[in-house]
Amino acid sequence: MLRNGLEPWHLLIVAIVVIVLFGSKKLPDTARSLGRSMRILKSEAKALKEEGGSGAVPGEQARPAMPADAG
């Protein structure tokens, strides 16, 4: 049924429906808001990736190694 996926005319129909539903006055604000949200998501994902690469667990401090023979 969806073997070919979305074709260009499908996207055109979706764009027309969005314009009719939201109106041309709200679209720039909506696009701006979506862009901000995407930037925030991207920066948070990057920070999470960098934090995960450090090998440290958040909230856990480095402890000095205890010798096996303590005595």
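I began with burial, and in this predicted model I found that 0% of the 71 residues of the chain count as buried. I noted the cut-off beside this entry, since a residue is called buried when its relative accessible area is under 20%.

Next I looked up the surface as a whole, and the accessible surface of the chain comes to about 7,200 Å², with 64% of that area belonging to carbon and sulfur atoms.

I then turned to the secondary structure, where I counted 1 helix and 0 strands. The helix is α1, and I wrote down that it covers residues 8-53.

My next entry concerns charged side chains, for which I searched the whole structure and found 1 salt bridge. The partners are D29 and R32, and their closest N and O atoms lie 2.9 Å apart. I asked myself how many residues separate D29 and R32 in helix α1. They are 3 residues apart, so about one helical turn separates them.

My last entry is about nonpolar side chains on the surface, and here I asked which residues form a nonpolar patch. I listed W9, I13, V14, V17, V18, L21 and F22, which together have about 680 Å² of accessible area. Because its relative accessibility is 48%, W9 counts as partly exposed, given that the class runs between the 20% limit for buried and the 50% limit for exposed.

Technical notes
Residues numbered from 1 in each chain as written. Predicted model: local features only at pLDDT ≥ 70, side-chain atom pairs only at ≥ 80, totals over all residues. Heavy atoms only, no water. Helix = DSSP H or I, 4+ residues; strand = E, 2+ residues; numbered from the N terminus. Buried < 20%, exposed > 50% of the residue type's maximum accessible area, 1.4 Å probe, protein only. Areas by Shrake-Rupley, 256 points an atom, 1.4 Å probe, with all protein chains shown as cover. Salt bridge = Lys/Arg side-chain N within 4 Å of Asp/Glu carboxyl O. Patch = residues over 30% accessible without salt bridge, like charges linked within 9 Å, V, L, I, M, F, W, Y side chains within 5 Å.
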